[in-house]
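Look over the sequence and the model before reading on.

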Amino acid sequence: MCFMAAMAPLRNIVILTGAGISAESGIDTFRSAGGLWEQHKVEDVATPEGFARDPDLVLRFYDMRRAAIQTKTPNPAHEALAKLDGAWGGELLIVTQNVDDLHERAGATRVLHMHGEHLNAWCAACDARPRWTEPLIHRPPCPACGEPALRPDVVWFGEVPYEMDRIHAALREADLFVSIGTSGAVYPAAGFVRNARSLGAQTLELNLEASQGSRWFDETRLGPASEVVPAWVDELLGG
């Protein structure tokens, strides 16, 4: 029997998205062959210690990522989730591990960036998080306090992801948890499926290939995000 046909009536949905949903828009992933981690060591560009040790290296790295993201466009997977966001009458939360803004540019509004955003900066002096599209390498002043204390508003290894209380609250109320384009290797996000299952939610994985956590899902559908996500959304809204 088809998983979707067998599901109980749905109202509340939590969707987790990862690098795989943006890869088809040309945004480099970190963990795939040829990805960013093969070009840079994690400890050099994605830890507070690396930033303290060589801030210029880190700022240049993120300045390049910030500039590149602004040249990309949403793909059909982003557009399908934006369509679902606009049409779904129940609760919906798109929790993304991605630091791009392609969900929002596609039109989604119910989005939570648990790892921060490339197009924000964070002021270590006053805790402001201004929208930021320009380089940080030249140490521009914070618009709020004037101090040259801006860094990328990106959660690094060793730092706590954003809004975990809100995420867990949404998982507690979810009837369906969907994971899209994730490796299943990065915690705490990799543990969301088990949390959702333990609370009674149905679970669905949409991925290019089976993730490390595939065994925890009721169903896994494999294929490019730009194909499997629109098909699933059309099925859900049509049903």
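Buried means under 20% relative accessible area, exposed over 50%, and partly exposed in between (1.4 Å probe, protein chains only). Helices (H or I, at least four residues) and strands (E, at least two) are DSSP runs, numbered from the N terminus.

This is a predicted model, in which local features need pLDDT of at least 70, side-chain atom pairs count only at pLDDT 80 or more, and totals for chains, interfaces and linings use all residues. Residues are numbered from 1 along each chain as its sequence is written, and side-chain values use heavy atoms, with hydrogens and water left out.

Q: Which residues of helix 6 are buried?
A: Helix 6 covers residues 55–69. An α-helix has 3.6 residues a turn, so residues three or four places apart point the same way. The buried residues of helix 6 are Val58, Leu59, Phe61, Tyr62, Asp63, Arg65, Arg66 and Ile69.

Q: How far apart are the end C-alpha atoms of helix 6?
A: The expected span of a helix is 1.5 Å times one less than its number of residues. For the 15 residues of helix 6 this gives 21 Å, and the distance in the model agrees: 21 Å.

Q: What is the radius of gyration of the protein?
A: The radius is taken over C-alpha atoms, and the globule rule is 2.2 Å times the number of residues to the power 0.38. With 239 residues, a compact globule would come near 18 Å. The protein agrees with this, at 18 Å.

Q: Which residue of strand 5 is the bridge partner of Cys123?
A: Two strands pair if DSSP finds at least two bridges between them. Strand 4 (residues 116–123) and strand 5 pair in the antiparallel sense over five bridges. Five of the five residues of strand 5 (residues 150–154) are buried, so this strand is largely enclosed by the rest of the structure. The partner of Cys123 there is Leu150.

Q: Which side chain makes a polar contact with that of Thr17?
A: Thr17 sits in strand 1 (residues 13–17) and is buried, with a relative accessible area of 0%. A polar contact is a pair of N or O atoms within 3.5 Å; within protein, one must be able to donate a hydrogen and the other to accept it, and residues adjacent in sequence count only if both atoms are side-chain atoms. At 2.8 Å, the side chain joined to Thr17 is that of Thr96.

Q: Which backbone nitrogen lies 3.1 Å from a polar atom of the side chain of Asn98?
A: Asn98 is in the loop between strand 2 (92–96) and helix 8 (102–106). Asn98 is buried, with a relative accessible area of 8%. The backbone nitrogen belongs to Ala19.
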